[in-house]
Amino acid sequence: INANFFVDIRYIYTYIPFDSTRVCLKKFMSIKLNYSNKAISKSFANLVLFTDEKFNFNGLKKYLSNSEFSYISDLLKNSNLKKDLLSFEVNSKKTVFLVSIKKDIKISDIENLGAKFHSYINYDKKKEYFVNSDTINNKIKNFVGYFLHGLKLKSYDFNIYKSKKNKKIVSISVIGNKNKISIQDHLRFKALEEGSFFARDLVSEPGNILHPDEYAKRINTLKKFGLKINIYDEKKLKKLGMNALLGVGQGSIRGSYLVTMEWNGAKNNSNPLAFVGKGVCFDTGGYSLKPAKFMEDMTYDMAGSATVVGLMKNLAIRKAKINAVGVVGLVENMVSGNAQRPGDIVKSYSGKTIEVLNTDAEGRLVLADALTFTEKKFKPKFMVDLATLTGAIIVSLGSEYAGLFSNDDKLSKQLLEAGDKVEEKLWRMPLHKNFDKLIDSKNADMQNINYVGGAGSTTAAQFLQRFILNKTPWAHLDIAGMAFSKYGGALNSGGATSYGVRLLNQLIEDNYE
């Protein structure tokens with residue numbers, strides 16, 4: 001990476017070592033790199049200024065003309081000062097934005113301010129904006145970096161299949177001498193954005209494009225970032241005895257895979273941190289067929305795996321100083337003459353047998369083999385799995401929290417704290433041996449669903465826990481309500497959210513680097 005700038009397929013960042021950083025927004029644009037070293041001027045169009053939470057404006061007079069200052073001062077008297085972002089169109093060519101900074105502002109609040117600013121400019125016809133970093137009166141390091149990070153995360157748009165694309169280019173220049181972003185911090189933000197966007201791209205792809213065969217190929221391209229990739233195809237999986245995973249995919253004409261991604265960034269040979277993801281590229285439910293309504297959304301049943309892939313790309317780009325492994329099981333749950341039947345019994349990689357009472361409880365079968373394999377092969381410090389596993393977790397927590405199930409209090413605490421920091425919230429749910437009776441089977445070691453009723457998410461997690469054989473610290477994140485948003489969230493505009501990429505990166509930064 002050049003010491004002066006980064007190039008991203010969605011954005012171009014130009015790092016000016018003195019007083020200006022230029023960010024260009026819009027997806028898949030080819031833009032020439034521009035270097036500028038402009039001094040602060042009152043003539044700047046579309047100016048972003050920061051104030052305190054009461055919008056005290058007097059200290060900003062030097063950045064505006066007398067007429068602009070008077071005009072905005074008058075309008076402020078009748079403005080809603082409970083908002084944190086106000087805009088004033090001082091003439092046909094210039095808008096002044098005032099962003100208020102609360103005394104107790106958190107990093108997530110700063111990112112949300114950037115996202116709100118994007119919402120203002122997204123429908124604006126103007127093409128150039130200037131953010132004055134000298135007006136930021138806050139001690140949080142990288143304030144402007146977090147502001148732009150939130151803006152960029154919010155700006156994501158999956159539009160590659162639209163014949164007419166928005167060709168508008170919006171540029172944002174950061175001016176002033178305060179809040180300069182170092183090369184290292186630029187790299188951190190870039191890595192998180194690329195990892196998050198890669199995860200969103202994967203989840204957003206339609207099922208006819210991103211089937212398991214194509215998915216495995218896309219993961220393989222991450223070798224260029226320094227990841228060690230191993231792809232286990234059906235022949236290898238049969239030899240290993242991963243019949244639980246293979247049973248889910250046997251009804252599809254596409255292949256089934258287990259893919260491992262290794263990042264060795266520590267100076268020693270310490271055991272890695274492990275992240276495991278459910279990658280059901282499309283889920284019809286199999287013979288336990290889902291209702292037709294909203295079945296098209298089942299392209300995102302691989303969101304857990306996308307989070308793992310996006311996280312590993314992020315770690316590789318920013319050269320994380322840890323050892324980590326990502327493991328994803330990639331299958332397609334289809335109906336055919338060769339599909340798994342309700343009542344089938346399969347022998348898992350662990351040697352334990354499973355009676356498949358419901359073919360739509362397929363994610364836990366994929367994860368069962370993936371978890372045991374990860375624990376046995378890599379002997380990790382801990383394992384975190386992510387899956388859009390149950391509809392019951394949406395009934396419990398809606399789209400505000402993901403469910404956290406764990407056999408380890410320390411890991412749970414670390415995950416909860418990381419989630420709070422990045423506003424990817426978790427709520428810890430119970431695990432207990434008394435739930436085991438709900439998944440015990442008369443015909444096999446266990447059954448894949450609780451037909452008695454109730455505790456759907458907990459019994460699914462209790463099922464997974466049976467495949468942690470060596471008491472490895474483990475956490476299961478049920479992200480069914482968080483992976484995809486029809487109405488959008490603070491840092492996304494609807495669709496795939498990449499939930500978990502930033503959470504797990506924060507977990508690593510805070511506790512393992």
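Where is the place of asparagine 46? I found asparagine 46 in the loop between β3 (21-25) and β4 (47-52). Helices here are DSSP runs of H or I of at least four residues, strands are runs of E of at least two, and both are numbered from the N terminus.

Ground rules before going on. I am working on a predicted model, where local features need pLDDT of at least 70, side-chain atom pairs count only at pLDDT 80 or more, and totals for chains, interfaces and linings use all residues. Residues are numbered from 1 along each chain as its sequence is written, and side-chain values use heavy atoms, with hydrogens and water left out.

**Entry: two positive phi values**

I looked at asparagine 46 for its backbone: phi is positive, about 50°, although the residue is not a glycine. Asparagine 46 counts as buried because its relative accessibility is 4%. Cut-offs for my own use: buried means under 20% relative accessible area, exposed over 50%, and partly exposed in between, with a 1.4 Å probe and protein chains only.

Lysine 471 is another non-glycine with a positive phi, this one about 60°. I traced lysine 471 to the loop between α12 (456-465) and β19 (474-478). Buried or exposed, this lysine 471? Lysine 471 counts as exposed, since its relative accessibility is 78%.

**Entry: serine 252**

Next I went to the loop between α7 (243-249) and β10 (257-264), where serine 252 lies. Serine 252 has 13% relative accessibility, so I put it down as buried. Its side chain reaches the backbone nitrogen of arginine 254 at 2.9 Å. That goes in as a polar contact (a pair of N or O atoms within 3.5 Å; within protein, one must be able to donate a hydrogen and the other to accept it, and residues adjacent in sequence count only if both atoms are side-chain atoms).

Which residues is serine 252 in contact with, leaving aside neighbours within four places in sequence? I got Glu332 and Met334, contact meaning heavy atoms within 4.5 Å.

**Entry: two glycines in strands**

Glycine 403 sits in strand β16 (residues 402-406). I call glycine 403 buried because its relative accessible area is 0%. Not counting residues up to four places away in sequence, glycine 403 touches Ile393, Leu397, Trp427, Met429, His476, Leu477 and Asp478. I also checked threonine 390, which is 13 residues from glycine 403 along the chain, and the C-alpha atoms are separated by 10.0 Å.

Glycine 495 belongs to strand β21 (residues 495-496). Glycine 495 has 16% relative accessibility and therefore counts as buried. With neighbours within four places in sequence left aside, glycine 495 is in contact with Ala483, Phe484 and Ser485. Glycine 495 and phenylalanine 158 are 337 residues apart in sequence, yet I read 8.6 Å from C-alpha to C-alpha.

**Entry: α4 and its partners**

I took α3 (residues 143-154) against α4 (residues 183-204): the angle is about 15° and the axes are 11 Å apart. That makes α3 roughly parallel to α4. My axes are lines fitted to C-alpha atoms, for helices over the stretch in contact, and angles run from 0 to 180 degrees between N-to-C directions. Angles under 35 degrees count as roughly parallel, over 145 as roughly antiparallel, 65 to 115 as roughly perpendicular and the rest as oblique.

From α3 I listed Gly145, Tyr146, His149, Lys152 and Leu153, and from α4 Arg188, Phe189, Leu192, Glu193, Ser196, Phe197 and Arg200.

Then I turned to α4 with α13 (residues 501-511), whose axes come within 10 Å and cross at roughly 140°. The two helices, α4 and α13, are therefore oblique to each other. Here Arg188, Leu192, Gly195, Ser196 and Ala199 in α4 meet Val501, Arg502, Asn505, Gln506 and Glu509 in α13.

**Entry: α9 on α12**

How far apart are the axes of α9 and α12? I have 9 Å for α9 (residues 363-378) and α12, packed at an angle of about 30°. So α9 and α12 are roughly parallel to each other. Arg364, Leu365, Leu367, Ala368 and Leu371 of α9 make the contact with Ala460, Phe463 and Leu464 of α12. By class I noted seven nonpolar, no polar and one charged. The classes: Ala, Val, Leu, Ile, Met, Phe, Trp, Tyr, Cys and Pro count as nonpolar, Asp, Glu, Lys and Arg as charged, and the others, Gly among them, as polar.
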